[in-house]
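Visitor: I would like to learn how to read aromatic rings in a protein model. Could you take me through it step by step?

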Amino acid sequence: MTAARPSLPLSIAGGNLLALTHIYTATLVLGIGALFGMLQGFSRANLIVMPQAFDYYRMLTAHGVLMALVFTTFFITGLFTYCVYTTLLRVRSTTLGWTGYVVMLVGTVMAAVAILDGSASVLYTFYAPLKASPLFYFGATLLIAGTWFVAADLFLNVAIWKRANVGERVPLPAFLATCTMIMWIIATLGVVAEMALLIPWSLGWTPGIDVSLTRMLFWYFGHPLVYFWIMAAYTIWYTVVPSTYGGRIFSDALTRLAFIMLLLLSTPVGLHHQFLEPGIAPGWKWLHMVLTYGVVVPSFMTAFAIFASFEQAARKAGVRGFFQIVGWLPWKNPVFAGPALGMILFVFGGFGGIVNSSYSMDVLVHNTMWIVGHFHVTVGGPVALTFIGATYGLVPMLTGRTLFAPRLALVQVYLWFAGMAIMSVAMHWAGLLGAPRRASDVTYFGAQGAATWHGEMVWAATGGAIVAISVVLFIVVATGTFLADRRAVDAAPSFAFASTREDALATPPAFDRLTRWGMAAIVLALLAYAGPVTEQLTAHAYLAPGMRTW
Amino acid sequence: MKIQKDEPLPATLAFVFTIGILIVLGWFAMFALLRSRW
Amino acid sequence: MHIHRAERLWLGFGVAMLAVFLAVITTAAIVDGFVPPSHVQTIDPTKVSQTPPFDRPGLRRIGPGAYEAYYIARIFAFVPATITVPRDAHVTFFVTSGDVEHGFSIPETGVNTMVTPGWVSEVSHTFSTPGTFLLICNEYCGSGHQLMAAKVIVQ
């Protein structure tokens, strides 16, 4: 930090190092995962064939796990640690937080070893009865357990702050972080329950496993997993992005309300990933469709609030009109451009999500490349771009150094946007034509029915190559900032939390009772799953032995 | 209790309603596709 | 808590839009039978080849223009590999797995279902266009997943 600033308590400085470590871990993982993704694209476009020693499905497992479970998680735990420590001016030690990081890291390395040595080519969904080595399941469980330590650390800090500030609203960034971690704990209970079944089975202690029950437990977790990512991205959109154009948070109360709705509705919707499965009565599927439509509402609120914040700031600067407002925004600042470009992609992600959750409509898209396009235009678009933009703001803040090659950073986010857009459009279109996902090759011996897919695979590979170039630039800027060690002198903070408008009304205290909202979320999840899980438990379905089909 | 005076937000309305209309058009296009393939 | 007039307008539209989607999809389910494949019938995957109707996989005519087709999905092939049906045939597919999770999908039709070991899947389609249709497994099942395909010929 610069000499002009007062020296911070050691715990704050320690917290900065902790957040930075999470973020750099996420950055490294993104780089590796993205390069694998590019190779997958080349394989599906028949430009390369992966060797036996590192085959497509091993690489696909690595890509999915690294992107969906490692990159995202580490960034989010880092971001939320920063949000809580900075806004609450914590006084506790960083031991619990560091313990969380180390447990997460050890789990990740264990799972990575299992994947890379070929004993866990089960993809990031690890569906039974495909059976990976116990190391894989142990590693994944430790990664989740590590996040619980991080959550405990953040909850304790908030609890201490609340006791010291009775009647005050928890500062917004800390509230959003806490709300999200409560949602995460509720969600991960499902995958931990699944691991309680998978681990004994993988060790040979139980002879068979209920396949459909484990699938249901996975998707109980798998949907709120994406809301874990979205809520982290929204935290940045709501509280940080306005500071890049001198704006304010549109409404503190409505931001908290949107997050409470996300907390309540992220989990009781998982069946929409299982619409086409036998053994689940259609009535439950219909119920989860209705609840999924419900969880669209807080995103509608977010779209409004984000643009309203743009418009209010622009009007204050004398700028009116949609296109003029858009033009006025700081597109040359990568801390703005990353999230903003992500917001553009999210329009398509949101549309696709509504289609996917429309029950019978899922037969058009399930397990096709449309789904792959969907999750790339969501986690690969708004989530990744927001996290990248935030990294460009956080790293200089946390290290006290200037950003290395800021123009390169700007090119990087625009390249990412272009590559991801091209790739996602090609994937969505290929999916409508019926091209399947999760296959190393889609030529099917030159069958007529597969003829229209190759062209789209080439487009997708092109987009993927552009994203890969972009990720290399990202690693260059992130590493360069660290290595170049150029001290920031009187630089304006590159990552700052905006404040709410002065004339905003007070937030109702009920919104801060996160314990109660958490309990309501658990009840809702239980209600939504009681029927389907009971149906599974009473079906006396076959108990499958493990199979290694790769 | 302060009475909130709502300042105009025309660009925001244009933005969200454009997204809304696109979603409606896209959804019905997919529904038509579903009917043709079912 | 105050909600801006413009936001109330937008959210009103958004909720109405979702309600319309729900009404359309639910009506299609009740009136036209547009329900995703949700057959509930258990089976022992280790005994599939001895369990009727899968002990004789293939096409069976059950009435004028009406057929049933019984498929077994195993790594990395479908049995039967080919079926031939006349144009406008209404075919009900019953599919089950002999090992792991598979998919059963005929691109550019509404035939798309998961195949879970321990369960029987059911999906039907009227083949009004002649041609040779690709039938593929669209759920990862192992190293030969990309090879797992069959054919439906419509004459």
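Guide: Let us begin with burial: a residue is buried under 20% relative accessible area, exposed over 50%, and partly exposed in between, with a 1.4 Å probe and protein chains only. Phe304(A), with a relative accessible area of 0%, is therefore buried, and Phe250(A), at 5%, counts as buried too. This is a predicted model, where local features need pLDDT of at least 70 and side-chain atom pairs count only at pLDDT 80 or more, while totals for chains, interfaces and linings use all residues. Residues are numbered from 1 along each chain as its sequence is written, chains are lettered from A and ligands numbered from 1 in the order in which they are written, and side-chain values use heavy atoms, leaving out hydrogens and water.

Visitor: How is a pair of aromatic rings described?

Guide: One gives the distance of the centres and the angle of the planes. Rings of Phe, Tyr and Trp (its six-membered ring) pair if their centres lie within 6.5 Å, and planes under 30 degrees apart count as stacked, over 60 as edge-to-face and the rest as tilted. By this rule there are 58 aromatic pairs over all chains. In one of them, Trp184(A) and Phe228(A) have ring centres 3.9 Å apart and planes at 15°, so the pair is stacked.

Visitor: Are Trp184(A) and Phe228(A) buried or exposed?

Guide: Both Trp184(A) and Phe228(A) are buried. Phe250(A) and Phe304(A), in turn, form an edge-to-face pair, with 5.8 Å from centre to centre and 65° between the planes.
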